[in-house]
Amino acid sequence: MEHESYLLLTHAYFDGELDASASRELERHLLGCPDCEAELDELKNARANFAALAKAPVPFGFKEKVMRRVWDLAPSPAPKERGHWLDWLGLPAWELAAALSVTLLVGFYFAFDYASARTQRSENALQISLGYDSAGDYAMEETNDEL
Amino acid sequence: MAEGFDSALLEKIKNGETGAFASLVKRYQQKVYQLCLSMVGPAEAEDAAQSIFISIYQSIRKFEERSQFSTWLYRVAANHCLNLLAKRKREKTDSLDLILKHTGGQLPELTSADVTLARLAEKESVRSILGKMAEEERLILCLREIEGFSYQELTELLDISLDLVKVRLFRARKSFMRIAKESNK
Ligand SMILES: [Zn+2]
């Protein structure tokens, strides 16, 4: 085999990429070839230089910066502000308005119903205790809670 | 084991668990950043590494796991760096053309700021040697020496034959040693 071929083999040998028999053949050659031996030393020196380079730390907050960009792209809702607070319900505006007015109507109906029932009851109770809290106000408070 | 972990993460991300991508970034950020640092230099390394993870995220649903995830990631990273270098080369030529046009063919003299920059680069000897190498040789050398890829992995990653891996790596190392000797003179 030519010396040049051995030189190429020296690199593969250095990388641990030669099989057992090729390694033995190269080792025999290395004993009698100062050039290939010097090449092997140079390869070791070069690798030592790279070792220092491999330890460069990742810039502070790198992962967080990437994730901020990723959340901006994410198709699913990100844990960030997403426009108007009503958007949170995920409904179009007209649907929201309709739902809200139905809730209010039902709420008022029950509030009124409850208030009149309460007035009747307090009128009875008035005979027992002196009610300085007006029944109407009380009912309003309760319906407020319900709403 | 390592690939199993990657697969589990990939499945989560593909199912919309965006948060799982953070684990993937954490797992590979060091390696990707190092490659960028050696390929494009410190000024652009972080930006390049960020962009690489963003393109990985954007195309993750297209990744069908025919190869290992890490191989795919490095291929994306390597291509991104090569593209950046090609773009930089074009811009350099463009700006040189522009300077020559404005100065009537005369190159302006180096200012003291330029000289300081040149000296700073010398300090980082390995990186400056890498910077003087051809891009493809620089890439294969970094993948082997910094990232520690085997020849077989390099064939998959660079999509070249085993013989070409051996030859290209051999040439890359010869260039590295030649430039190192020249700069030590
Ligand atoms: Zn020899």
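Glu65(B) is partly exposed, with a relative accessible area of 36% (buried means under 20% relative accessible area, exposed over 50%, and partly exposed in between, with a 1.4 Å probe and protein chains only). The model is a predicted one, in which local features need pLDDT of at least 70 and side-chain atom pairs count only at pLDDT 80 or more, whereas totals for chains, interfaces and linings use all residues. Residues are numbered from 1 along each chain as its sequence is written, chains are lettered from A and ligands numbered from 1 in the order in which they are written, and side-chain values use heavy atoms, with hydrogens and water left out.

Glu65(B) is placed in the loop between helix 3 and helix 4 of chain B (helices, H or I of at least four residues, and strands, E of at least two, are DSSP runs numbered from the N terminus). Its phi is near 60 degrees, a positive value in a residue other than glycine. Most residues other than glycine have a negative phi. A positive phi of about 60 degrees is also found at Asp159(B), likewise not a glycine, which sits in the loop between helix 8 (151–158) and helix 9 of chain B and is exposed, with a relative accessible area of 65%. Thr71(B), by contrast, belongs to helix 4 (residues 69–102) of chain B and counts as buried at 5% relative accessibility; leaving aside residues up to four places away in sequence, Thr71(B) touches Glu156(B) and Leu157(B) (contact means heavy atoms within 4.5 Å).

Chain A has six helices and zero strands, and buried residues make up 27% of its 147 residues. Among the contacts in chain A with a separation of 6 or more, 51% are accounted for by residues 24 or more positions apart.

The zinc ion takes its protein donors from His3(A) (ND1), His29(A) (NE2), Cys33(A) (SG) and Cys36(A) (SG), which lie 2.1 to 2.3 Å from it (donors are N, O and S atoms within 2.8 Å of the metal, or 3.2 Å for Na, K and Ca; water is not among the atoms, so sites may look incomplete). The angles among the four donor atoms are 100 to 121 degrees, and the site is tetrahedral, a term applied to four donors if all angles lie between 85 and 135 degrees. In sequence, the donor residues follow the spacing H-x25-H-x3-C-x2-C. His3(A) lies in helix 1 (residues 3–14) of chain A and Cys33(A) in the loop between helix 2 (20–32) and helix 3 (34–53), so this pair ties together parts that are 30 residues apart in sequence.

The contact between the chains takes 39 residues from chain B and 33 residues from chain A. The area buried between them is about 3,400 Å², of which carbon and sulfur atoms give 67% (buried area is the accessible area, with a 1.4 Å probe, that two parts lose on being put together, summed over both). Six salt bridges are found across the interface of chain B and chain A (a salt bridge is a side-chain nitrogen of Lys or Arg within 4 Å of a carboxyl oxygen of Asp or Glu), including one in which the side chains of Arg173(B) and Asp15(A) meet at 2.8 Å, N to O. On the side of chain B that touches chain A, the largest share, 10 residues, comes from helix 2 of chain B.

Over all chains, the structure holds 15 salt bridges. Asp15(A) also forms one with Arg47(A), the closest N and O atoms being 2.8 Å apart; Asp15(A) lies in the loop between helix 1 and helix 2 of chain A and Arg47(A) in helix 3, so the pair ties together parts that are 32 residues apart in sequence. Asp15(A) counts as buried at 9% relative accessibility, whereas Arg47(A) counts as partly exposed at 25%. Arg144(B) and Glu145(B) are among the buried residues of helix 7 of chain B, a helix that is mostly covered, with nine of its 11 residues buried.

Within chain B, the side chains of Arg27(B) and Asp6(B) meet in a salt bridge of 2.7 Å, N to O. Arg27(B) is partly exposed, with a relative accessible area of 31%, and Asp6(B) is buried, with a relative accessible area of 0%.

Methods:
Four donors count as tetrahedral if all angles lie between 85 and 135 degrees; four count as square planar and six as octahedral if opposite donors are over 155 degrees apart and all others between 65 and 115; anything else is irregular.
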